[in-house]
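Hi,

Here is the structure I promised to pass on.

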Amino acid sequence: MKKLTAISSVLLTALISAPSLANDLDVDWFAGVGTGYQIDDVTGANDMNGEDVAFELRGGAILNDHHRVMGTYGYMDKLEQHSFLASYDYLLPVYENVNLFAGVSMGVADSEIANESSTEFVWGGQVGAMYQFNESWSAELSYQYLDQDYEENNTKLENTQQIMVSVDYHF
């Protein structure tokens with residue numbers, strides 16, 4: 001519980017201070033949706049196939065064309081997994097409207113396996129490519145790995161891996 005409180009405090013502080021910091025930066029705000037394939041490494045007494053479709057809602061800002069901060073809510077039906085992540089990505093332009101990116105994420109995930117629910121700290125990283133259609137729309141393809149510490153009733157959820165396609169609207 002202390003981890004959740006500390007993480008929530010850091011995220012809330014970052015969100016509250018973001019508008020005042022944005023005055024000194026070139027900021028591109030965005031919001032979007034994504035869908036993709038997720039696999040969870042579930043082992044133990046309730047060993048199961050943890051593969052399913054995943055969905056996400058996301059929003060954030062691109063700062064000075066190279067730094068992206070983002071908040072994400074994700075959902076996967078098979079494990080009734082809800083995730084809340086804060087992410088940072090470094091954007092590397094490789095062509096006119098194409099950026100490659102790599103970054104880190106942390107947050108919490110609530111997963112339910114065999115009617116046992118647990119909320120755990122998760123952390124990991126992501127890589128991908130983003131294409132900017134115009135000033136208002138972009139799309140990306142990404143891979144994300146998250147380490148998880150779910151352990152209930154002799155069942156472990158070690159990690160989550162996702163391949164996602166997302167579309168963002170820029171304000």
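Predicted model: local features only at pLDDT ≥ 70, side-chain atom pairs only at ≥ 80, totals over all residues.

Residues are numbered from 1 along each chain as its sequence is written, and side-chain values use heavy atoms, with hydrogens and water left out.

**The cavity**

Searching the whole structure turns up one cavity of 30 Å³ or more. (On a 1 Å grid over the protein atoms alone, a cavity is a set of points where a 1.4 Å probe fits but cannot get out; a pocket is an open set with protein on both sides within 12 Å along at least five of seven lines; lining residues have an atom within 4 Å of a point.) The volume of the largest cavity is about 250 Å³, counted as the space filled by probe spheres set on the points, with grid points joined across faces, edges and corners. Its lining has 28 residues, and Glu56, Thr72, Leu85, Gln144 and Gln162 lie nearest the centre. By class, that lining has nine nonpolar, 14 polar and five charged residues (Ala, Val, Leu, Ile, Met, Phe, Trp, Tyr, Cys and Pro are nonpolar; Asp, Glu, Lys and Arg charged; the others, Gly among them, polar).

**The second largest pocket**

This one holds about 210 Å³ of space. Of its 13 lining residues, Ile62, Asp65, Leu91, Asn99 and Gln132 lie nearest its centre. β4, β5 and β6 each give two or more residues to that lining, with β4 supplying the largest share, three residues. (Strands are DSSP runs of E, at least two residues, numbered from the N terminus.)

**Two residues**

Ser87 sits in strand β4 and counts as buried because its relative accessibility is 8% (buried means under 20% relative accessible area, with a 1.4 Å probe and protein chains only). The Ser87 side chain makes a polar contact with that of Ser105 at 2.6 Å; that term means a pair of N or O atoms within 3.5 Å, where, within protein, one must be able to donate a hydrogen and the other to accept it, and residues adjacent in sequence count only if both atoms are side-chain atoms.

Gly36 is in strand β1, residues 27–44. The C-alpha atoms of Gly36 and Gln162 are separated by 6.9 Å, although the two are 126 residues apart along the chain.

Cheers

How values were computed. Helix = DSSP H or I, 4+ residues; strand = E, 2+ residues; numbered from the N terminus. Buried < 20%, exposed > 50% of the residue type's maximum accessible area, 1.4 Å probe, protein only.
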